[in-house]
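Subject: Structure handover

Hello,

Please find the structure below. My notes on what was found in it follow.

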Amino acid sequence: MRFFLMIVACCCFLGASAQSHTGTVSGHITDAANKAPVPYATVVVADKSTGKTVNGAVADDKGNFSVKGLTPGMFTVSIEFIGYNKKLIDSIKITNTNTAVNLGTISIQSSAKSLGEVVVTSKAPIVESKVDRVVYNAANDLTSQGGVALDVLRKVPQVTVDVDGNVELQGNSNIRFLINGKPSSMFGNNLADALAAIPASQIQSIEAITSPGAKYDAQGTGGIINIVLKENRLQGMNGSINLAAGTRLENAAVNLNLRHNNFGVNLFFNGNAQLSSSTPSSQDRSSFTDGKLASRLWQSGTNDLTRRSYATGLGFDWSPSKKDNFSAGVSFNHFSSQLEGTSLLRQWTAGSNDTSTISRPNSSRNWIDAMDWNLGYKRKFNKPGQELDFLYSASFGSPYARYYQLQYLDDATLPFGGTQGYNPGSDHQHNLSLDYTQPVSKSFTLEAGVKAIFHDLQNSSQVNAYDKTTDNYHPDPTQSYDFNYRMNIYAGYLSASFNLFQFLDVVAGARYEYTSVAMNYPGGTVPSYGNFVPSLIFSHKFDDDNMLKLAYTHRLERPDRELNPFLNLSDPYNITTGNPLLKPEIGDNFELGYSRSFKGGGNIYIALMERINSNDIKPYTAFYPTYTIGDSIYTNVSVTSRVNIGKEYNSGLIITSSMPLTKNLNLRENLQVFNRHVVNELDGGNRTDGINWRLNMNASYQLPKNLIAEVFGEFRSAFNNIQGRQPQNLSYTIALRKQFWNKKAALGITATNPFSQYISQVTTIHTAAYSSYLLREIPYRSFGINFSYKFGKLQFKKEKESDNNYLNNLPSF
């Protein structure tokens with residue numbers, strides 16, 4: 001409440017100090033031939049008598065522009081965009097500082113010249129702060145070009161990624177991941193594996209949507225991360241080839257784009273591999289009874305991890321008329337990971353002076369095949385901005401997990417025990433949505449829509465137990481089951497964007513989602529439920545470069561795959577499982593932020609945020625002296641699953657910036673400081689408090705002859721969780737990239753943590769009955785080389801080729 005009152009007071013102060021209005025010129029730019037909006041056209045306002053430029057702007061992605069700050073006088077307006085003839089509008093009169101001249105729809109003619117090889121250039125800033133999201137344009141991300149999506153995500157402001165591939169947005173790991181704005185079952189089996197399967201060279205941008213509006217699904221208390229893949233909509237044939245090889249990663253990607261008039265086709269193929277790497281680990285854990293040591297276990301060994309993936313797809317779009325557009329796409333994704341290891345164990349139990357030594361080889365593998373497809377239709381009407389969108393998307397995945405482990409006592413020839421586990425399944429999703437946008441006036445727009453989601457998960461589990469008498473595995477029906485889970489979501493929303501008191505821009509929306517749930521697992525009944533999901537964003541632009549916003553969103557985290565009660569017994573002393581009794585997590589998120597853009601492409605964003613989660617879902621570990629599964633009894637076992645632990649209050653300060661310190665040197669930073677307060681109702685209301693912080697910095701320097709150098713480093717502090725402490729993390733990457741062949745080709749080299757082979761990770765758990773100290777040495781040092789080549793008559797490069805660029809250098813006045 002104090003946080004909210006502080007925000008309201010700030011808004012009232014800003015309202016009281018609002019500046020007086022100045023004259024404005026606005027309009028909507030369209031193509032004269034097909035009436036389609038012309039985004040990002042340059043608009044320059046000049047004094048008619050002197051010809052001197054007084055201000056300028058760039059049209060948005062819908063062709064709308066507004067030039068502010070005009071004093072009384074006579075002006076000319078010129079509109080330019082590559083491939084179009086210059087448009088000049090004469091004798092625009094501003095009579096006083098409150099004059100608002102709307103030029104209406106302005107049509108510009110195509111230059112209709114026969115072009116040879118053309119390089120289209122514009123410089124989009126690497127980081128863009130928008131009212132509901134931050135956009136990271138990955139095209140110039142040199143240190144990640146030979147990597148995967150996880151490497152790019154590490155650079156995205158307000159996002160952190162640990163060495164295991166766990167992703168957080170503003171300190172929250174409950175994130176809704178999308179590909180080109182659509183869900184995919186490829187994220188279902190293992191998120192880290194899926195993100196490691198997307199080559200960085202395929203990514204155009206990543207959107208971290210921290211304040212999703214009513215149009216978006218409510219899933220994800222932490223927000224939404226949308227990975228936008230590269231697509232070229234320019235005429236002709238063009239494409240790219242990207243190759244990378246290294247000591248840890250290898251990948252290849254091919255893109256081909258074909259476009260003729262109003263029809264375009266995109267094809268792609270990519271594949272990558274994470275080479276085998278050994279991870280040494282050791283664990284020392286103890287259990288207690290009435291405060292006295294009851295048992296102790298020492299475990300050490302190594303695990304070798306490998307990953308493989310490939311993906312291919314085809315998409316097209318077709319505009320049979322000026323107002324209609326059809327689009328469709330289909331893609332296939334496959335990825336797998338395999339872990340092979342051997343552990344040595346010693347254990348001691350109270351009342352016995354003997355310590356037994358056990359050798360335990362183990363193996364686990366996960367893979368998934370996923371087919372995604374979509375079909376969309378967009379209808380534009382006569383009124384600019386009025387449109388109807390229909391989208392159908394579907395994803396069929398076939399996740400599979402398996403493991404085996406054997407246990408040898410001392411130097412025995414035959415094992416004395418072991419298990420095999422298989423968990424095949426299917427993951428089917430269908431999404432139908434209809435959205436309509438209606439501009440009521442220049443400053444008031446309504447949006448409405450409906451959506452239906454049909455999600456069907458099926459899993460079966462089969463466990464085979466080792467029989468020493470036959471030296472073979474035999475099915476154990478007491479540990480086998482079928483698990484079917486069906487979740488249907490029906491949603492509708494209404495959203496309005498308007499200006500209040502000619503001072504505040506408001507986006508207010510409400511969404512209602514009804515969730516119908518059915519499962520066949522005994523004891524796993526989850527009632528159906530409905531949720532009202534409001535969202536509200538206030539923002540004020542002091543000028544085109546300064547903005548203050550206040551946002552509130554209400555979000556959900558529906559458990560789905562975490563419900564699967566599959567018991568992973570690859571380590572019978574540290575078991576992991578799902579929880580069919582999980583309830584949805586509810587999140588209330590507040591954010592007060594200020595952003596400022598600077599001439600030359602720099603920007604800074606400062607925010608205060610508060611996130612309150614009810615029914616908070618967290619991993620929880622319980623210790624059992626004996627644990628019964630079917631007719632098998634396991635001793636000295638820790639069992640980890642996700643549970644609703646209570647409430648979490650996360651208060652934070654966020655500062656991100658991108659600054660061109662000199663003509664050749666650019667510095668980016670991402671600082672996040674959080675105070676996390678957790679009320680653990682499972683353990684009698686125990687409270688956990690702690691401050692943790694994350695910082696990453698990126699410096700790039702433009703050397704002569706198209707050579708660029710970059711250094712990237714990140715640090716994440718250790719922090720308290722509900723049962724112990726999570727480890728800190730430090731990593732750094734150095735990269736060089738050389739462009740040649742008229743910037744069609746580039747060759748780069750990268751080195752990550754070149755001076756240390758491992759990153760040490762210490763994780764602790766402390767409860768009244770159990771304590772654990774786990775040390776893992778993560779192999780993180782790597783060296784790599786990457787090559788990229790772009791071909792075709794038209795290319796799009798986000799580089800500044802000319803100083804006469806009003807997108808990044810608006811004229812002063």
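**Cavities, pockets, surface and salt bridges**

The lining of the second largest cavity is made up of four nonpolar, seven polar and three charged residues.

The model is predicted: local features need pLDDT of at least 70, side-chain atom pairs count only at pLDDT 80 or more, and totals for chains, interfaces and linings use all residues. Residues are numbered from 1 along each chain as its sequence is written, and side-chain values use heavy atoms, with hydrogens and water left out.

**Cavity**

There are 10 cavities of 30 Å³ or more in the structure. On a 1 Å grid over the protein atoms alone, a cavity is a set of points where a 1.4 Å probe fits but cannot get out; a pocket is an open set with protein on both sides within 12 Å along at least five of seven lines, and lining residues have an atom within 4 Å of a point. Points are joined across faces, edges and corners, and a volume is the space filled by probe spheres set on them.

The second largest cavity has a volume of about 100 Å³. Its lining has 14 residues, and K155, P157, R668, E669 and N696 lie nearest the centre. At least two lining residues come from each of β33 (632-660), β34 (665-680) and β35 (686-703). Strands are DSSP runs (E, at least two residues), numbered from the N terminus.

Two or more lining residues are given by each of β24 (444-467), β32 (603-629) and β33. The most come from β32, with seven. This lining divides into 15 nonpolar, 10 polar and no charged residues.

**Surface**

A nonpolar surface patch is formed by M237, L258, L267, L314, V330, M371 and F396, which together have about 530 Å² of accessible area. Patch members have over 30% relative accessible area and no salt bridge, and nonpolar side chains (Val, Leu, Ile, Met, Phe, Trp, Tyr) are joined within 5 Å. Areas come from the Shrake-Rupley method with a 1.4 Å probe; for residues, only the protein chains shown count as cover.

M237 belongs to strand β16 (residues 236-246), and is partly exposed at 46% relative accessible area. Buried means under 20%, exposed over 50%, and partly exposed in between (1.4 Å probe, protein chains only). K442 sits in the loop between β23 (417-441) and β24 and is exposed, at 60%. Its C-alpha atom is 9.5 Å from that of N102, although the two are 340 residues apart along the chain.

**Salt bridges**

The structure has 24 salt bridges, each a side-chain nitrogen of Lys or Arg within 4 Å of a carboxyl oxygen of Asp or Glu. In one of them D571 pairs with R360, with 3.6 Å between the closest N and O atoms. D571 is in the loop between β29 (546-557) and β30 (574-576), and R360, 211 residues away, is in strand β21 (residues 355-380). Both D571 and R360 are buried.

K378 meets E387 in a salt bridge at 3.9 Å, N to O, and D389 also at 3.9 Å. D389 is in strand β22 (residues 387-409) and K378 in strand β21, 11 residues apart. K378 is partly exposed (30%), whereas E387 is buried (16%), as is D389 (18%).

Regards

Definitions and conventions:
Helices (H or I, at least four residues) and strands (E, at least two) are DSSP runs, numbered from the N terminus. Ala, Val, Leu, Ile, Met, Phe, Trp, Tyr, Cys and Pro count as nonpolar, Asp, Glu, Lys and Arg as charged, and the others, Gly among them, as polar. Patches are made of residues with over 30% relative accessible area and no salt bridge: like charges are joined within 9 Å, nonpolar side chains (Val, Leu, Ile, Met, Phe, Trp, Tyr) within 5 Å.
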